[in-house]
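My entries follow the structure.

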Amino acid sequence: MSGYNFAYLDEQTKRMIRRAILKAVAIPGYQVPFGSREMPLSYGWGTGGVQVTAAVIGPDDVLKVIDQGADDTTNAVSIRRFFARTTGVATTRRTDEATLIQTRHRIPETPLREGQIVVFQVPIPEPLRWLEPHEAETRKMHALEEYGIMHVRLYEDITLHGRVATSYDYPVRVNGRYVMRPSPIPKFDNPKLDRSPALLLFGAGREKRIYAVPPYTSVRSLDFEDHPFTIEAWEQACGLCGSRESFLDEVIVDDKGGRLFVCSDTDHCERRREGAR
Amino acid sequence: MYVAVKGGERAIEEAHRLLAEARRGDPAVAEITLDQIEQQLALAVDRVMTEGSLYDRELAALAIKQARGDLLEAILLLRAYRTTLPRFGVSEPLDTAAMVIRRRVSAIFKDLPGGQILGPTFDYTHRLLDFDLGNGHEERAASREPERAEAAIEPMPRVVNLLDREGLIETEEPPDAEAPVDDLTREPLRFPASRGMRLQNLARGDEGFLLALGYSTQRGYGRNHPFAGEIRLGAVEVEVVPAELGFGIAVAAIEVTECQMVNQFKGSASAPPQFTRGYGLVFGEAERKVMVMALVDRALRGRELGEEPQSPAQDEEFVLYHSDNVEASGFVQHLKLPHYVDFQSELVLVRNLRAERGVGPRP
C-alpha cells in the first residue's frame with residue numbers, strides 16, 4: 001500500500017516492539033510493558049495482536065487469521081485484509097500452511113509445529129486483576145511470586161460449586177514461575193499451550209503489555225491434586241464432520257429448542273470433510 | 001439446515017458503502033465543508049484536537065466530518081493518524097503569561113493587574129433558543145460589531161504568581177530543563193506516574209469522565225476546597241531551540257485555555273498552611289475541560305501532600321487508566337464482536353452446575 005511502511009508500522013516502532021517480544025521470550029509468562037501505538041482500528045479489535053504481528057511478519061510469511069476458530073468471521077476477515085493490503089504476504093485458511101497465525105479466542109485443532117508463531121489478541125493481560133484492581137500491587141505480587149490469592153479463589157469455587165467455575169481464560173503457570181492469562185481461549189485449549197512446538201506471543205494493545213511462551217515451555221493450568229484440571233466435553237459430535245475431539249459451537253436452528261453442534265475450527269472441519277470424501 | 005455466519009469481505013465492503021451513504025445524508029442538502037466545521041463548530045474541533053493530542057484544525061474538522069459528528073470516533077481517527085507522524089523534538093515550555101489574551105477571569109480577586117476580560121463566553125447568556133439562527137437570519141442575531149478589550153501591551157501576570165510573592169501558595173519548582181520530557185504517546189503508563197505523565201493523560205482524557213470526577217470532589221468524594229484562581233484563553237507562541245542554533249525560534253502560535261485552581265491546604269508536618277495548586281491546559285477553547293482537569297490534577301496530588309486517598313478521584317490508577325475515551329470506547333464496544341466460543345464454554349459450565357444441583361430444563 002503506498003504511503004505506508006511494510007506492515008503499516010514504522011521500523012522504529014517495530015524495533016521497540018521486537019525488543020519487548022525478546023524480553024517476553026526470555027522471561028516466559030512475564031508481562032512486558034511496551035509503548036503501544038494507536039492503530040487504525042478500535043481498541044478491543046485486536047490492536048495488541050496486530051502490533052505484534054506487524055512487528056514479526058516478513059515478506060515470506062504465510063498468514064492465517066482466525067476469530068472464534070473461524071477464518072470467515074468479520075474481524076478475522078478485516079485483520080487478514082489489513083495485512084494483505086499493507087504487506088502483500090500470502091494468506092491461507094489452512095493451519096498447516098501458515099507460518100504466522102493471529103487468533104482471537106481459540107487455538108487451532110490441527111497440532112502446531114516448529115517454526116510457527118501464534119499471536120493471541122489479549123483484552124486483559126493481568127491474571128490477578130479481578131482479585132486486585134491496582135497494577136502497582138499486582139506487579140509486586142508477581143515479583144514476589146505471591147499467588148496464594150489465586151489458589152484461594154479457585155478453592156472457594158470448589159467449596160461453593162464443587163468445581164472451578166472458570167471456563168475460559170483459565171489461569172496457567174508458565175515455566176513453574178509466572179501465573180499467566182492465556183487470553184480468553186476456552187479451557188479446552190489450555191493443554192495445547194503446554195510444550196507447544198510453536199512460539200506463542202500475546203499482545204494487549206490497550207493495556208500496553210506483551211508476553212510470550214517460547215516453544216516447548218511447560219504451561220500448567222492451575223488445579224489441586226484432588227481436583228485436577230479438566231476440559232469441556234460434549235455428548236454430541238460435530239454435525240458436519242462428525243468430530244468428537246474438537247471444540248463445538250452450538251447453533252440454534254429453530255425456535256423449538258433445536259440445536260446443531262459444529263466445529264468452531266472451520267479449517268479443521270473442512271479438512272475432515274474433504275478427507276471423508 | 002445450518003448456514004454459516006459468513007461475515008465475508010463483501011458484507012464488510014457493502015457496510016462501508018452504507019456508512020458513506022448515511023454520512024452524506026440527503027444529496028439534495030449541500031455538503032458541509034471543512035471550513036464550515038472549523039469556523040462554526042469550533043468547539044467540537046477544539047475538543048477533537050485536545051483529546052486527539054494533535055493541534056491541526058483542518059484535520060480535526062475532517063475527522064469530525066468523516067465520523068458523522070461522533071466526536072469520540074473523530075478523536076480515534078485523529079489519534080490513529082497522529083501516531084504515524086515523526087516526532088521532531090520537544091518545544092520550550094509555553095509561556096502563558098505572555099499570552100495574547102481573549103478571555104481572562106479570576107474568581108478570587110475582584111480586580112487585578114490586567115483586569116477581568118469576559119471574552120466570548122456562554123456564561124451570562126440566557127439559554128433561550130435563538131430562532132433567528134435557525135431560519136437564516138443570523139445577521140439579526142449579531143446586530144453589531146463587538147467592542148473588544150484593549151489588547152494588553154505588557155504580559156498579563158498570572159494570578160497565582162501574585163499569591164506566590166507572599167508565600168501564600170506553594171512554589172512550583174520548574175522541572176530540570178535538561179531532564180527528558182515524558183511522552184505518554186510513546187511510553188506506557190507506570191505508577192506512581194510523574195506529574196508530566198499525569199497532566200498529559202488528563203489533557204487528552206475524556207471530558208465527560210473528568211467532569212464527573214471533578215464534580216465528585218466538589219460533592220465530598222475527595223474534597224479539596226477549590227477556587228478558580230484564574231482561567232485564561234488566548235494565543236501563545238510555541239518555541240523550539242534547534243541544537244545547531246542554540247536559540248529559540250517561534251514555530252507556531254496556538255490557541256490554548258489554561259486554568260489554575262487554588263486549593264486550601266491546612267499544612268502537614270513538613271509544610272506550613274498554604275494554598276496548593278491544580279493545573280489544567282488544553283488546546284483551543286475548552287473551559288469546562290480545563291477546570292475539571294485542574295480539579296482532578298489537584299485530587300491526584302494527595303499522595304505528595306500527605307492526604308489519605310479515599311475517593312475515586314484520588315485514586316491515581318483508577319483515574320489515569322480509565323480517562324482515555326479511545327481506549328474505553330473501544331473496549332466497551334468490542335463486546336459487539338463474536339464471543340460465542342467463550343459463551344459456549346459458559347453454557348457447558350452452567351449446564352453442568354445446574355445438573356449437579358438437580359435442576360433440569362424447564363418443562
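I note at the outset that the model is predicted. I began in chain B, where the crossing of α3(B) and α5(B) is right-handed. By class, I found six nonpolar, one polar and four charged residues in the contact of these two helices.

I then looked up the geometry of the pair. Helix α3 of chain B covers residues 42-52 and helix α5 of chain B covers residues 71-82; they pack at an angle of about 45 degrees, with their axes 8 Å apart. I therefore record α3(B) and α5(B) as oblique to each other.

Next I listed the residues that meet. From α3(B) I noted B:Ala44, B:Arg47, B:Val48, B:Glu51 and B:Gly52; from α5(B), B:Leu71, B:Ala74, B:Ile75, B:Leu78, B:Arg79 and B:Arg82.

I turned to helix α1 of chain A, residues 11-26. Its 16 residues reach 22 Å from first C-alpha to last, close to the 22 Å expected at 1.5 Å a residue. I looked up its buried residues and found A:Thr13, A:Met16, A:Ile17, A:Ala20, A:Ile21, A:Ala24 and A:Val25. These buried residues pack against β1 (32-33), α2 (47-56), β8 (199-204) and β9 (209-213) of chain A.

Last, I examined where the chains touch: 46 residues of chain A are in contact with 36 residues of chain B. On the chain A side, α3 (74-87), α4 (135-143), β11 (248-252) and β12 (259-263) each supply at least two residues. Of the elements, α3(A) gives the most, with five residues.

How values were computed: Residues numbered from 1 in each chain as written. Chains lettered and ligands numbered in written order. Predicted model: local features only at pLDDT ≥ 70, side-chain atom pairs only at ≥ 80, totals over all residues. Axes fitted to C-alpha atoms, helices over the stretch in contact; angles between N-to-C directions. Helix = DSSP H or I, 4+ residues; strand = E, 2+ residues; numbered from the N terminus. Parallel < 35°, antiparallel > 145°, perpendicular 65-115°, else oblique. Left-handed = near helix turned anticlockwise from the far one by under 90°. Contact = placed C-beta atoms within 7 Å. Nonpolar A, V, L, I, M, F, W, Y, C, P; charged D, E, K, R; others polar. Expected span 1.5 Å × (residues − 1). Buried ≥ 20, exposed ≤ 12 C-beta atoms within 10 Å, placed from the backbone.
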